[in-house]
Amino acid sequence: MERKILAASLYIKDGVPVNSPQDFTPAGNLEFLAKAYNDGGIDKVYIFDLSSGDGEHEKNLTTIRELNRLIEIPTCGGGNVRRLEDIKKLLYAGCKQVVINGSKPYCFELVNEACARFGKEKLLVSVKNIDFIFKHKEVIEEKIHEMLVMETKLIDSIENLTSMQYVALCDKKDIDMIVRILNRRHSRGIYGAFLNDITMNAMELKSTLSAQGMKMDNFEPAFKWSDFKLNADGLLPVVTQDYRTGQVLMLAYMNEEAFNKTIATGKMTYYSRSRRQLWVKGLTSGHIQYVKVLAADCDFDTILARVSQVGAACHTGQYSCFHNEIVHKQYIERNPLKVFQEEYAIIMDRKEHPKEGSYTNYLFDKGIDKILKKIGEEASEIIIAAKNPDSEEIKYEAADFLYHLMVLMAEKGLTWEDITSELSQR
């Protein structure tokens with residue numbers, strides 16, 4: 001059985017996320033929304049452009065591009081998709097697929113073009129009436145990957161007409177209704193307003209649905225609690241670290257109930273030895289830890305948890321509990337990512353706090369044309385060095401080029417995270 005998905009919808013108006021096509025109240029900033037969907041267990045996000053003109057359309061595309069740099073789950077773009085160029089722009093903005101409005105007269109001319117150019121795997125079509133499927137069944141099955149069914153009452157007829165997969169609207173969080181829809185032979189999943197609510201725990205809903213026989217993309221532990229070697233108190237120590245940076249955040253303990261609740265909810269839950277009760281990290285402070293990975297050590301007597309940390313891990317307000325340095329031996333950092341980040345931080349510091357005699361400040365003072373000229377010169381030096389037999393020279397020239405590239409990035413307001421996020425979309 002294929003895994004079923006829970007999908008959220010996000011609407012963009014005048015470059016800003018809004019609540020719905022009818023309610024243009026801002027829904028929150030992009031970074032906040034992306035983190036909520038990344039951590040909460042949503043499997044896919046449909047992003048709809050609500051623009052009313054070409055200028056706003058371009059503005060919304062910029063927002064969609066920025067969202068895709070932040071979000072870690074697949075997105076599907078839609079709204080105002082009228083031309084092949086619109087599909088191309090959404091895909092280039094980082095969307096994995098594009099929804100074409102099946103109610104528009106140009107739909108199938110566009111489908112034919114887009115399928116030939118991008119392939120059917122990139123294309124979805126929204127369906128609001130059964131006549132649409134009845135009249136265009138062959139084209140849909142041949143050139144569309146999946147349907148977005150926007151009326152729940154159409155499901156019976158769709159199941160009788162075609163074997164096409166679909167994601168269907170589910171108006172409310174009604175477990176019986178959700179199970180009925182997901183149990184359909186060709187149903188791939190559901191979307192609906194209740195899934196857009198960032199306070200809803202999709203992982204918990206998946207656990208409920210899994211218990212009713214649905215195959216969901218939730219945590220299925222490879223080991224049982226009985227596989228672990230517990231300490232004298234019947235507990236298991238848990239080392240928790242930031243999933244992005246690897247920074248160790250804290251040490252706590254789990255009992256069996258805490259372990260099972262962590263698996264079910266996707267939120268780190270510990271056992272408090274002092275209070276002798278379960279402790280959901282961040283339940284009162286809001287500093288929740290969302291599970292990304294749980295791993296056991298070689299002796300099965302310790303768990304390593306890699307998490308997405310909201311706020312600070314330490315009760316003192318420090319990000320990590322391990323902030324009291326005891327000794328510190330100086331060493332040369334050779335971790336590539338840390339080197340890039342530290343060098344970039346120095347360049348940014350020079351930009352914000354100019355230092356007399358600084359070559360970096362000289363470049364910023366001369367402006368973008370001087371920076372670009374230097375990048376061109378350094379790129380040429382790399383080419384010349386590559387023609388020489390000694391590869392050491394390439395190392396020096398590449399380092400010079402990367403330094404000047406970071407100056408350009410700082411000048412244009414780009415970070416290494418922007419660059420690596422873009423690369424990860426490729």
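Mentor: We count two strands as paired if DSSP finds at least two bridges between them, and strands (E, at least two residues) and helices (H or I, at least four residues) are DSSP runs numbered from the N terminus. The model is predicted, so local features need pLDDT of at least 70 and side-chain atom pairs count only at pLDDT 80 or more, while totals for chains, interfaces and linings use all residues. Residues are numbered from 1 along each chain as its sequence is written, and side-chain values use heavy atoms, with hydrogens and water left out.

Trainee: In the open sheet of four strands, which strands stand at the edges?

Mentor: The pairing in this open sheet is mixed, and its four strands follow the order S11-S10-S15-S14. Two of them have a single partner strand each, so one side of each is left without a neighbour in the sheet; these are S11 (248-254) and S14 (289-296).

Trainee: Which residue of S15 stands opposite Gln289?

Mentor: Strand S14 runs antiparallel to S15 (residues 303-309), and seven bridges join the two. Within S15, the residue opposite Gln289 is Gln309.

Trainee: How many residues of strand S3 are buried?

Mentor: Buried here means under 20% relative accessible area, with exposed over 50% and partly exposed in between (1.4 Å probe, protein chains only). From S3, Lys44, Tyr46 and Phe48 point one way, whereas Val45, Ile47 and Asp49 point the other way, and all are buried. Strand S3 (residues 44-49) is therefore largely enclosed by the rest of the structure, the buried count being six of the six.

Trainee: How many residues of helix H1 are buried?

Mentor: The buried residues of H1 are Leu30, Leu33, Ala34, Ala36, Tyr37, Asn38, Asp39 and Gly40. Helix H1 (residues 30-40) is thus mostly covered, and of its eleven residues the number buried is eight.

Trainee: Which residue follows H1, and what is its phi?

Mentor: The buried residues of H1 include Gly40. The residue that follows H1 is Gly41, and its phi is positive, near 105 degrees.
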